[in-house]
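Please read this report with the sequence and the 3D model open beside it. Each topic can be followed by selecting the residues as they are named.

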Amino acid sequence: MKKIDPASDSRRALLKGAGLALTGAGLYGVAPFMGPWKHNRVWAQAAQKKPLVIGLTMDTSGMYAASGGEERLGAMMAIKEFNDRGGVLGRRIEAIHIDTETTPATGSRVAERMITRNEAAFLIGAVHSGVSNAISQVAQKYGTVFFNTNSSSPTEAGKDCHRTKFVWDGNGTNFSNAIVKNAIATSGRNWVLLTNDYVWGHNTSKATRAIVEANGGKIVDELLVPQNTRDFSSYLLKLQQLKPNVVATAVGGDDIKALRQQVVQLKLNESMAWINNQQDWPDVYGLGPEAIFGVFGTTWYWRLDLPGVKEFVAAYQKHYPGMAIRVPGNVYHNTYMATRELLRCCEEAGTVQNIAVIKKLEGRKMTAADRLQHYDAWMDADTHQCQQTIYMARYNDKPAEKDDIFKILTQANPKDVMDKDAPAACKLESYEATPSYDV
């Protein structure tokens, strides 16, 4: 088996010329990697401990750029906390970030480069479910542990699951289970689905449809919205004609910002009920109270009355003073918690060997107090999805302060909102079929 020369003097010389940004490492480029790895390849180790490289696969452009930025900040705060204590297993953590552009093809190329050229031991980040799926296929090919931190299509822990992929967000089925039945009872039985035309929208609306119909509701129509839509006039005209009791949206990123503003202009928020399957904090922050209408799901809120929440918010503000988004939201929380858990698993396993880390993660239990949520969470061993508290919220018309814009209505026990179809759809690769490595 051919080995890599870890002492090559050319490696550092090439760092500055590569033109990629390294965050948290004090470096400004990437090193070539003589790869790709082959099945069960083990990296040669230098006499001194090499830094542990983590690839951040997050958007800084495209419809999820705002959430991608929050993801990156969450991961970096967790990494800094570990580096301040000496790193992991005596190794400093270096984080490299490349823009995945909210595009599956770019996500695939970024993952390939990080693994084969930048020597990334782990990959973290994704909001767009199509991008996540593309990254996860590359990661599984090399056996690289990949944390999908914020993608919510039910397929991510269903038919598109992988042994190396761990899904840290609630999915469309979880949120629909938490909200639909009550919305039928309070708002009516005739529903229209307004759906982003890609994998997350399709599968989230599919889950919503099934739950609506199971509870005696009717889907009057489903309107598919292309990604990066900015003019919703034709869709809103159709809604005026259909006059549904409820509009259930699976629309995200910059699209939901534009949609919310245009709904308010036509006052359609007053003539029909609106639910948004999941509302990410970066997508509504700064919109203004009139645009935060309807009921929506989330996995965390910065003013939850729980121990440790105020300290977590203070840590965010200390690490990132002067940020446009003054307080952390669900996207930041998901990524911080996921990154911290990954590094803890490495420490507990006493190694960064991928199969050992995977086994530490599978079935892992995380207390409510540790995660700053109402219920204990766990990593499902069969689907690799984090089962966690699901919150329903609306606009807070009596805010305690400027950024207190959500009112939490309910918190659902993860046991009550689980995606029961995922275990049958998910077929994890065997350990033996997953390439192993130790960096």
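This is a predicted model: local features need pLDDT of at least 70, side-chain atom pairs count only at pLDDT 80 or more; totals for chains, interfaces and linings use all residues.

Residues are numbered from 1 along each chain as its sequence is written, and side-chain values use heavy atoms, with hydrogens and water left out.

**The disulfide**

A disulfide is a covalent bond between the sulfur atoms of two cysteines. Here it is assigned to a pair of cysteine sulfur atoms within 2.5 Å. Searching the whole structure gives one disulfide. Its partners are Cys161 and Cys426, with an S to S distance of 2.1 Å. The torsion about their S-S bond is about 100 degrees, so the disulfide is right-handed.

Helices and strands in this report are DSSP runs numbered from the N terminus; a helix (H or I) has at least four residues and a strand (E) at least two. Cys161 lies in the loop between strand E5 (145-148) and E6, and Cys426 in the segment after helix H14 (422-425), so the bond ties together parts that are 265 residues apart in sequence.

Are these two cysteines buried or exposed? A residue is buried under 20% relative accessible area, exposed over 50%, and partly exposed in between (1.4 Å probe, protein chains only). Cys161 is buried because its relative accessibility is 3%. Cys426 is also buried, at 6%. Cys346, by contrast, is in no disulfide: the nearest cysteine sulfur belongs to Cys345 and is 7.2 Å away. Cys346 is buried as well, with a relative accessible area of 0%.

**Aromatic rings**

A pair of aromatic rings is described by the distance of the centres and the angle of the planes. Rings of Phe, Tyr and Trp (its six-membered ring) pair if their centres lie within 6.5 Å; planes under 30 degrees apart count as stacked, over 60 as edge-to-face and the rest as tilted. This rule gives 17 aromatic pairs. Two of them are set out below.

| Pair | Centre to centre | Angle of planes | Class |
|---|---|---|---|
| Phe296 and Phe406 | 4.9 Å | 55 degrees | tilted |
| Tyr316 and Tyr332 | 4.8 Å | 90 degrees | edge-to-face |

Phe296 is in strand E11 (residues 295-298) and Phe406 in strand E16 (residues 406-412), so this pair links distant parts of the chain, 110 residues apart. Phe296 is buried at 0% relative accessible area, and Phe406 is buried at 2%. Both rings belong to one aromatic cluster, together with Trp281, Tyr285, Tyr301 and Trp302.

Tyr316 lies in helix H10 (residues 309-319) and Tyr332 in helix H11 (residues 330-349), so the pair ties together parts that are 16 residues apart in sequence. Tyr316 is buried, with a relative accessible area of 0%, and Tyr332 is buried with a value of 0%.

**Charges over rings**

A charge sits over a ring if NZ of Lys or CZ of Arg is within 6 Å of the ring centre and within 35 degrees of the ring normal. Arg163 lies over the face of Tyr431, 4.3 Å from the ring centre. Arg260 has its charged end over the ring of Phe293, at 4.9 Å from the centre.

Strands of a sheet pair through backbone hydrogen bonds, either parallel or antiparallel. Two strands count as paired if DSSP finds at least two bridges between them. E12 is joined by two bridges to E13 (residues 377-379). In one of these strands, E13, Trp378 is the bridge partner of Lys365.

**Two single residues**

Where is Asn171? Asn171 is in the loop between strand E6 (165-167) and helix H5 (172-187). Asn171 is buried, with a relative accessible area of 3%. Its side chain makes a polar contact of 3.2 Å with that of Asp419. A polar contact is a pair of N or O atoms within 3.5 Å; within protein, one must be able to donate a hydrogen and the other to accept it, and residues adjacent in sequence count only if both atoms are side-chain atoms.

Val145 lies in strand E5 and is buried, at 0% relative accessible area. Its C-alpha atom is 7.9 Å from that of Phe166, a residue 21 places away along the chain. Contact means heavy atoms within 4.5 Å. Beyond neighbours within four places in sequence, the contacts of Val145 include Phe166, Leu123, Ile358 and Tyr437.
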